[in-house]
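This report covers two local regions of one chain. The sequence and structure are shown first.

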Amino acid sequence: MDATTSGTETIQYCNIPEQSIAAALVTSPRPTFQRLVRHCFGDSIPGEFPLAANPSVVLHVLTTSNLDPQDLAKLEARYVEEVVVVEGKDNNALAQMRVKVLSPPRVPPSAIITSFALSFSLAYITEVINNPHSKRALLSENIIDDATDLNLDLFCFVVGLQATCSFFRHPANFAPDYELSIAELAALDMCQKRAIFKPMTADKRDNLKQKCGGSWKLVLRYLLAGEACCRREKSQAIAGPGHSIAVTSNGAVYSFGSNSSGQLGHGLTPEGNTADECQPRLIRSLQGTRIIQATAGAGRTMLISDNGKVYAFGKDSFGEAEFGVQGSRTVNTPRLVESLKDIFVVQAAIGNFFTAVLSREGTVYTFSWGSDGKLGHQTEPSDVQPYPLLGALENIPVVQIAAGYCYLLALACQPSGMSVYSVGCGLGGKLGHGSRTDEKFPRLIKKFQELNIQPVVVAAGAWHAAVVGKDGRVCTWGWGRYGCLGHENEECESSPKVVEGLSDVKAVHVATGDYTTFVVSNSGDVYSFGCGESSSLGHNTEVDGQGTGHTNVVKPEIVSSLKQLKERVVQISLTNSIFWNAHTFALTESGKLYAFGAGDKGQLGVKLGENQSERGHPEAVDIELK
């Protein structure tokens with residue numbers, strides 16, 4: 001069975017009653033349109049305004065536009081008035097169309113786009129789109145950008161909307177909830193398209209709604225935030241300690257590199273041993289199961305399926321050595337984690353002494369490392385029973401978790417915005433609270449409020465941490481050895497500090513390892529700084545005519561070797577372990593995977609030459625992930 005057929009049903013639109021659109025729309029082209037005063041509700045008669053007669057059209061537009069939840073909120077909160085001027089030279093051509101938005105402050109274009117909901121007849125719109133003279137006129141007026149992309153541009157120039165905010169706030173009288181507004185119904189419908197949301201019972205959906213703040217728009221924001229920072233249900237690559245995991249967009253999983261503890265999941269050889277793999281190899285025992293997220297630690301791997309199940313393989317204990325100090329029992333093929341069978345898991349993170357998982361509802365659970373209460377509960381180090389993370393996050397939904405050597409970060413989503421909490425060992429100031437003390441319970445990092453930064457992505461390196469803000473700024477803190485914080489020194493920072501060397505860069509992704517940091521910009525460029533050991537930074541500088549990638553970098557530098565590939569990078573993953581030489585993956589928008597750094601165990605996806613243990617330049621891995 002193919003990995004795409006895991007039993008996930010096709011998600012349909014919400015149950016909108018069939019209505020006749022043609023009956024309410026003018027079906028004959030009109031050469032000239034005058035400004036009309038139309039009202040959607042109140043004492044006024046809807047008249048020829050089609051939105052009032054056919055709100056299902058608006059709901060369909062809102063649902064299919066993949067708009068931002070904040071724009072849905074703006075539609076309900078602001079009064080929008082547009083003036084449309086149309087001059088037709090003949091019955092078959094649209095010569096000019098201009099839109100003036102009179103509401104101060106200006107409504108964002110994305111919100112306006114969702115408002116342009118078929119005020120002209122569909123027949124006339126079709127004629128306009130299919131008429132080359134109309135296209136040229138629209139292009140010459142800079143009304144649309146590309147004549148070949150009229151799906152979205154259609155909503156940009158079809159602008160007869162005269163709706164007030166009451167239209168969007170008024171109950172839409174549609175199933176499944178007749179009291180919901182158009183925007184709330186659109187948000188609910190977009191939530192139902194998410195694989196992790198669809199299986200939820202009505203009670204669980206309502207509980208999630210209340211936990212997120214009582215609105216489907218807030219639930220949608222929560223789901224989208226998790227997808228954005230974790231590449232959930234998208235292709236991804238994980239550069240683990242000595243081994244690598246690659247997940248395709250269809251949910252198939254490949255592994256390669258060191259297999260000393262069975263962490264590749266391929267089982268035993270005919271001789272009863274484990275064997276390293278120098279090329280990506282499909283984990284066949286998972287065929288028929290769609291994997292949406294993966295994580296790797298020293299000698300262990302965890303995979304999350306689209307139905308919330310967790311599979312683990314490799315060594316079953318924690319510790320500082322590759323085989324662990326608690327024992328050497330290993331699992332050589334993916335095995336379902338029974339203690340998590342009643343929890344719908346969407347993400348996992350492996351630290352050196354603990355594992356953390358995140359549930360669909362935004363609750364964080366931890367295993368092990370609880371004997372001295374470092375994670376807010378008392379357990380034995382080898383305990384496999386998950387315990388919810390107590391304290392401040394008990395009733396706050398979390399969208400992402402990140403595990404360092406001995407601490408945990410959690411990105412929380414609240415109605416007031418995004419925030420970061422930390423818990424665990426505070427040495428080096430890596431918890432971000434302005435001190436170096438441990439925290440047994442999650443504690444809010446307040447510095448982001450002072451910096452006016454809305455965190456959207458968190459990364460926990462072995463000894464330092466990083467965050468990307470919604471505005472593209474990057475903050476780092478913790479141990480600054482080798483310049484891994486990017487502040488042009490090796491000093492520690494006990495609270496988040498903006499990386500000034502990236503002031504001209506709008507970041508969208510950040511990854512951290514053992515004293516190493518990578519940042520991806522919105523243009524796909526990659527910057528790196530920190531420890532240059534094992535060529536994992538990708539700079540491969542020239543010294544005395546000899547190529548070397550072992551130079552430490554104390555401020556952000558663009559990885560020119562990746563830029564030369566002329567591929568847009570969307571994800572970086574690097575080894576996050578103090579006991580393994582690091583390697584790095586760069587995943588591109590086209591689904592190509594490039595690797596560099598340490599490769600002595602085959603973790604780069606290729607067998608290196610004799611006496612060669614690393615590679616300084618990125619080279620493609622023989623696998624397509626898209």
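## Strand S14 and its partners

The coordinates come from a predicted model. Strand S13, residues 355-359, pairs with S14 in the antiparallel sense, and four bridges connect the two. The hairpin formed by S13 and S14 has four residues between its strands. In that hairpin, Gly 362 takes a positive phi near 90°.

S14 also pairs with strand S15, which spans residues 387-388. These two strands run antiparallel and are joined by two bridges. Tyr 387 in S15 is the bridge partner of Thr 366.

## Side chains of S14

Strand S14 covers residues 364-367. Val 364 and Thr 366 point one way from the strand, while Tyr 365 and Phe 367 point the other way. Side chains in a regular strand alternate between the two faces of the sheet. Val 364, Tyr 365, Thr 366 and Phe 367 are all buried.

## Gln 603 in a loop

Gln 603 lies in the loop between strand S32 (592-598) and strand S33 (614-624).

The side chain of Gln 603 reaches the backbone nitrogen of Lys 601 at 2.8 Å. Leaving aside residues up to four places away in sequence, Gln 603 touches Gly 242, His 243, Ser 244, Phe 256, Gly 257, His 583, Phe 585 and Ala 598.

Notes. Residues are numbered from 1 along each chain as its sequence is written. This is a predicted model: local features need pLDDT of at least 70, side-chain atom pairs count only at pLDDT 80 or more; totals for chains, interfaces and linings use all residues. Side-chain values use heavy atoms; hydrogens and water are left out. Buried means under 20% relative accessible area, exposed over 50%, partly exposed in between (1.4 Å probe, protein chains only). Two strands pair if DSSP finds at least two bridges between them. A polar contact is a pair of N or O atoms within 3.5 Å; within protein, one must be able to donate a hydrogen and the other to accept it, and residues adjacent in sequence count only if both atoms are side-chain atoms. Contact means heavy atoms within 4.5 Å.
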